[in-house]
Amino acid sequence: MSINDIQDEIISEFSLLDGDMEMTILYIMELGQKLAPIKDSDRVEDNVVKGCQSTVWLVGHEEDGRVYFEADSKHCYH
Amino acid sequence: MRPGAFINAKEREEIIFLSRGVTEGVNLVAHSYGRTFIKSGDEIVVSAIEHHSNIVPWQMVCEEKGAKLRVIPVTDNGELIIEEYLKLLSPKTKMVVLNHVSNSLGTINPIKEIIAAAHNAGAVVLVDGAQAAAHLKIDVQELDVDFYAISSHKMYGPTGAGILYGKRELLEKMPPFFGGGEMIKQVTFEKTTYNDLPYKFEAGTPNIADIIALKPAIDFINGLTKEAIGAHEHELLTYATAQVGSMKGVQLIGTAKNKVGILSFIVEGIHHFDIGQMLDARGIAVRTGHHCTQPLMDRLKIEGTVRASFAVYNTKQEVDQLIEALDRIISFLK
């Protein structure tokens, strides 16, 4: 699947929400819940997204010319 | 009405205009008074429910001077423990700094009693009045407070403006915080003499437009009267506290006996930011997070809260909308 296909899929999914902000936020939260937990060793200060709302870790790595991101939060509803 | 009359200052010279609100006022006092009169081994007493703006400048002074920060503890419901405060006071105490009203919890602190006790111990008191100015009567002479700072944007005025009140005898013996234009009498390369109060502390071109705009904000508050504002906000707070407090899974944070119209809460199993986002989607503006009071959040063992703040223009119908939206969010997310 090309990056454009993935992008089109995301656009189409969000179009179904028809601009309803409440549903859009709810959907994003559900997507967050589906993320796999990151490794304990990645839950380190260097990976914390600085801010005042919650503790979120964002980890990136490169593989075969592609960048992959993983994210997790102290408050993710796994 | 002029800002000085708004807080009942004795003289115009005791009012310094700020271009950054209370944060600048606290920094001015910390860097000018603090760095001049705080010595190694001295103590500065802060409260456990302070905004970072009234903690960090004092930590900077303590670090530089070898002084110690002592903290007035708080109960689980958000009230300062006065007996413990009295025990902290000693000849080492040079300053007591605290807010009139907590921005995270809405607690109204008994500052008159706190100021009197500090003076008995020989300490000087600075009060952060940011959250009090639009809601409570402020009379700096009656309070006998040494420094009192307010922010324009917390009282229906523009951002980037505020005032610092200081007793004349203290301001007179303090060195300037900023050097530059307006604050001088005469400058030569050999020696500079400083201007009179309040200009000594107003270097540079101030935020003229926004300071002028503070006056109609004061007139707006005075026109309604603080008694009427307080009564209206108290009615909304009482109603919202009963309704939100009885919702399943909701825990109110800050249930002091004396409060302004701030309702802070958390919901079991739902992150405060998610609630804030969902409320925002329905046009309901709340603040979420630690509210720049991380030590307080640590003390209460929480990461943050959802904070609904009731202002003079809010209505009971809007509180109902908040309750209905919360009900819906909880049913979605639990």
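This is a predicted model: local features need pLDDT of at least 70, side-chain atom pairs count only at pLDDT 80 or more; totals for chains, interfaces and linings use all residues.

Biologist: What is the phi of B:K301, and in which loop is B:K301 found?

Modeller: Phi of B:K301 is near 60°, which is a positive value in a residue other than glycine. The residue belongs to the loop between α11 (294–299) and β13 of chain B.

Biologist: Where is B:T225 found, and is B:T225 buried or exposed?

Modeller: B:T225 sits in the loop that links α8 and α9 (226–245) of chain B. B:T225 is exposed, with 11 other C-beta atoms within 10 Å. Its phi is near 75°, again a positive value in a residue that is not glycine.

Biologist: Which peptide bond is cis?

Modeller: The bond from B:L197 to B:P198 is cis, and its omega is near 0°. As for its place in the chain, B:P198 lies in the loop between β9 (192–194) and α8 (208–224) of chain B.

Biologist: Let us turn to sheets. How do the strands of a sheet pair?

Modeller: In general, strands of a sheet pair through backbone hydrogen bonds, and the pairing is either parallel or antiparallel. In chain B, 4 strands form an open sheet in the order β10-β11-β13-β12, with antiparallel pairing. The edge strands are β10 (250–252) and β12 of chain B, each of which pairs on one side only. From one strand to the next, the twist averages 30°.

Biologist: Over how many bridges do strand β11 and strand β13 of chain B pair?

Modeller: Strand β11 (residues 262–267) and strand β13 (residues 305–309) of chain B are joined in the antiparallel sense over 4 bridges. Within these strands, B:F265 stands opposite B:V306 in β13(B).

Biologist: Which strands does α10(B) lie across?

Modeller: The helix α10(B) lies across β11, β12 and β13 of chain B. Relative to β12(B), α10(B) runs at about 160°.

Biologist: How many residues of chain B are in contact with chain A?

Modeller: On the chain B side, 13 residues are in contact with 9 residues of chain A. Two elements of chain B, α10 (272–281) and β12 (287–289), each supply at least two residues of the side that touches chain A. The helix α10(B) gives the most, with 5 residues. By class, this side of chain B has 4 nonpolar, 6 polar and 3 charged residues.

Biologist: Let us finish with chain A. What pattern does chain A follow along the sequence?

Modeller: Chain A has 2 helices and 2 strands, and reading along the sequence gives the pattern α-α-β-β.

Biologist: What is the radius of gyration of chain A, and what would a compact globule of 78 residues have?

Modeller: Chain A has a radius of gyration of 15 Å, whereas a compact globule of 78 residues would have one near 12 Å. Its C-alpha trace spans about 40 × 35 × 20 Å along the principal axes.

Biologist: How many of the 78 residues of chain A count as buried, as a percentage?

Modeller: Of the 78 residues of chain A, 4% count as buried. Turning to contacts in chain A with a separation of 6 or more, residues 24 or more positions apart account for 23% of them.

How values were computed:
Residues are numbered from 1 along each chain as its sequence is written. Chains are lettered from A and ligands numbered from 1 in the order in which they are written. Two residues are in contact if their C-beta atoms, placed from the backbone, lie within 7 Å. Ala, Val, Leu, Ile, Met, Phe, Trp, Tyr, Cys and Pro count as nonpolar, Asp, Glu, Lys and Arg as charged, and the others, Gly among them, as polar. The radius of gyration is taken over C-alpha atoms; the globule rule is 2.2 Å times the number of residues to the power 0.38. A residue is buried if 20 or more other C-beta atoms lie within 10 Å of its own, exposed if 12 or fewer, and partly exposed in between; C-beta atoms are placed from the backbone. Two strands pair if DSSP finds at least two bridges between them. Axes are lines fitted to C-alpha atoms, for helices over the stretch in contact, and angles run from 0 to 180 degrees between N-to-C directions.
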